[in-house]
Amino acid sequence: MSSKPHRIHDSALSYDTEKKSMKTGNGKTGRPITFDKDAALEAAMLLFWERGYEGTSMADLTQAMGLNPSSIYAAFGDKHSLFSLAVKRYLESRAQYATKALEQPTLEKVVRALFDRTVAFLTTPGHPPACMTLAGAVGCSVDAVPARKIMTEIRKQNEVAMRKRFLRARKSGELSKDVNVGDYTRYLSSILAGLSIQAMNGSTKAELKRTAQMALRHLGYR
């Protein structure tokens, strides 16, 4: 995984987006400083995704976003507020693959789609090979606790969505009544999270696919 921050390019500058006034030497307001707020937030999201909350400094963010600290604070708030906005952007723009998998009409298609879409997501170029909810809040300091809580809550919500879908499968007779739905949900979540860890470790798409196929066989899907 590259250690270089994802810097936005000059082409991201725009006069129809965020505008900040600049003071001239005589104290008068000069030409507004303008930048593409959307592109800046995208850069912040990618950096938090790659390095985690605690591993990302304000200096890193200023370099990646192409903004000075005062501009970042004025547009997005402090580091925690910026992180929260970056996570929201991730959920809305990148993390819909699991939600779409749960919309499949049968349990087998749901489970297969969860694995297929997870592998595809983890190996898509242009972003870190990991789930941001796992990689984005790794840290041990007190400062990282709020970020970890955000990510933990998101993971719990994801499990709730999976559990609801599996309860529907039980009602339809696709999932045996002998199977504990909570355990089944945690089991699948653990395997899917493991794929993300393996991707961070450098596993290739082919290797992740073979791991997913092995898991599917153990789940009874050939």
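Trainee: Which helix gives the largest share of the lining of the largest pocket?

Mentor: Helix 8 does, with nine residues. Helices here are DSSP runs of H or I with at least four residues, numbered from the N terminus. Bear in mind that this is a predicted model, in which local features need pLDDT of at least 70 and side-chain atom pairs count only at pLDDT 80 or more, while totals for chains, interfaces and linings use all residues. Residues are numbered from 1 along each chain as its sequence is written, and side-chain values use heavy atoms, with hydrogens and water left out.

Trainee: How is a pocket found, and what volume does the largest pocket have?

Mentor: Rolling a probe the size of a water molecule over the atoms shows where empty space is left. On a 1 Å grid over the protein atoms alone, a pocket is an open set of points where a 1.4 Å probe fits, with protein on both sides within 12 Å along at least five of seven lines; lining residues have an atom within 4 Å of a point. The volume, the space filled by probe spheres set on the points, is about 640 Å³ for the largest pocket.

Trainee: Which residues lie nearest the centre of the largest pocket?

Mentor: Those are A98, C131, T133, R155 and N158, out of 27 lining residues. By class, the lining has 15 nonpolar, nine polar and three charged residues. Ala, Val, Leu, Ile, Met, Phe, Trp, Tyr, Cys and Pro count as nonpolar, Asp, Glu, Lys and Arg as charged, and the others, Gly among them, as polar.

Trainee: At what angle do helix 6 and helix 8 cross?

Mentor: Axes are lines fitted to C-alpha atoms, for helices over the stretch in contact, and angles run from 0 to 180 degrees between N-to-C directions. The axes of helix 6 and helix 8 cross at roughly 155° and come within 10 Å. Helix 6 is therefore roughly antiparallel to helix 8, a label for angles over 145 degrees. L107, V110 and L114 of helix 6 meet M162, R165, F166 and A169 of helix 8 in this contact, where contact means heavy atoms within 4.5 Å.

Trainee: Is T185 buried or exposed?

Mentor: T185 is buried, with a relative accessible area of 2%; buried means under 20%, using a 1.4 Å probe and protein chains only. T185 lies in helix 9, residues 181-200. Beyond neighbours within four places in sequence, T185 is in contact with E159, M162, R163 and F166.

Methods
Helix = DSSP H or I, 4+ residues; strand = E, 2+ residues; numbered from the N terminus. Buried < 20%, exposed > 50% of the residue type's maximum accessible area, 1.4 Å probe, protein only. Parallel < 35°, antiparallel > 145°, perpendicular 65-115°, else oblique.
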